[in-house]
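Here is a short briefing for a reader new to this structure. Please look over the sequence and the model, then read on by topic.

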Amino acid sequence: MPTTPLVETPFQWWLARLPLYNVGLAVAGIVAFILYVIVGSLLVADFELNLLFTIVQGIGYLVLMGVANVCYMIGPISESVLRPDDVWKYRLRWFDVGCRFSFSLPFCVPVLVIISAVLQWFLGHL
């Protein structure tokens, strides 16, 4: 980390952290997919996993990673527009918020599978 954040432009600072962001997205996607397979096989009666499905899911996730990278650029653009007084605090805060939000999104799929299974069970027992 630089001793003073003002040496780097917003785009330099944010782009230097983009590889870390992408590694986090990849790890979150893999873990969420594994969790999806576990939850699906335990809770969904006709759950099926095959190679084609896995490849399509992987390609879809790569496309969504591309969309996430475009959204990542909100960081340097907002910093350039807002010009915060404490640049270093702004960068760290919003990088952290963006990472947490982005890394949590892939887990919506297994959570939705759990919610769906619980609702189906509940509605079947009314």
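This structure holds zero disulfides, a disulfide being a pair of cysteine sulfur atoms within 2.5 Å. The nearest cysteine sulfur to that of Cys-71 belongs to Cys-99, 13 Å away, and Cys-71 is in no disulfide. The model is predicted: local features need pLDDT of at least 70, side-chain atom pairs count only at pLDDT 80 or more, and totals for chains, interfaces and linings use all residues. Residues are numbered from 1 along each chain as its sequence is written, and side-chain values use heavy atoms, with hydrogens and water left out.

**Cysteines**

- Cys-99 is in no disulfide either, with the sulfur of Cys-71 as its nearest cysteine sulfur at 13 Å.
- Cys-71 counts as partly exposed, at 44% relative accessibility. Here buried means under 20% relative accessible area, exposed means over 50%, and partly exposed lies in between (1.4 Å probe, protein chains only).
- Cys-99 is buried, with a relative accessible area of 10%.

**Helix α1**

- Helix α1 covers residues 10-43 and has 34 residues. Helices are DSSP runs (H or I, at least four residues), numbered from the N terminus.
- From its first C-alpha to its last, α1 reaches 46 Å, close to the 50 Å expected at 1.5 Å a residue. The expected span is 1.5 Å times one less than the number of residues.
- At Leu-18, α1 bends by about 35 degrees. The bend is the angle between axes fitted to the seven residues ending there and the seven starting there.
- A proline, Pro-19, follows the bend within four residues.
- Ala-28 also has its place in helix α1. Ala-28 is buried, at a relative accessible area of 7%.
- Ala-28 and Pro-106 are 78 residues apart in sequence, yet 6.6 Å apart in space, C-alpha to C-alpha.

**Salt bridges**

- How many salt bridges does the structure hold? There are two. A salt bridge is a side-chain nitrogen of Lys or Arg within 4 Å of a carboxyl oxygen of Asp or Glu.
- One joins the side chains of Arg-91 and Glu-79, at 2.8 Å from N to O. Arg-91 lies in helix α4 and Glu-79 in helix α3, so this pair ties together parts that are 12 residues apart in sequence.
- Both Arg-91 and Glu-79 are buried. For Glu-79, the relative accessibility is 4%.
- Another salt bridge joins the side chains of Asp-96 and Arg-100, at 3.0 Å from N to O.
- Asp-96 and Arg-100 both lie in helix α4, four residues apart, about one turn of the helix.
- Asp-96 counts as partly exposed, at 33% relative accessibility. Arg-100 is exposed, with a relative accessible area of 58%.

**The loop between α3 and α4**

- Where does Arg-83 lie? Arg-83 lies in the loop between α3 (74-82) and α4 (87-104).
- Its phi is near 45 degrees, a positive value in a residue other than glycine. Most residues other than glycine have a negative phi.
- Arg-83 is exposed, with a relative accessible area of 68%.

- Which residues form a nonpolar patch on the surface? They are Val-111, Leu-112, Ile-115, Leu-119, Trp-121, Phe-122, Leu-123 and Leu-126.
- Together these residues have about 890 Å² of accessible area. Such areas come from the Shrake-Rupley method with a 1.4 Å probe; for residues, only the protein chains shown count as cover.
- Patches are made of residues with over 30% relative accessible area and no salt bridge: like charges are joined within 9 Å, and nonpolar side chains (Val, Leu, Ile, Met, Phe, Trp, Tyr) within 5 Å.
- Ile-115, one of the patch residues, is found in helix α5 (residues 108-124). Ile-115 is partly exposed, with a relative accessible area of 42%.
- Gly-124 has its place in helix α5 too. Gly-124 is exposed, at a relative accessible area of 59%.
- Gly-124 and Arg-91 are 33 residues apart in sequence and 49 Å apart in space, C-alpha to C-alpha.

Conventions:
Helix = DSSP H or I, 4+ residues; strand = E, 2+ residues; numbered from the N terminus.
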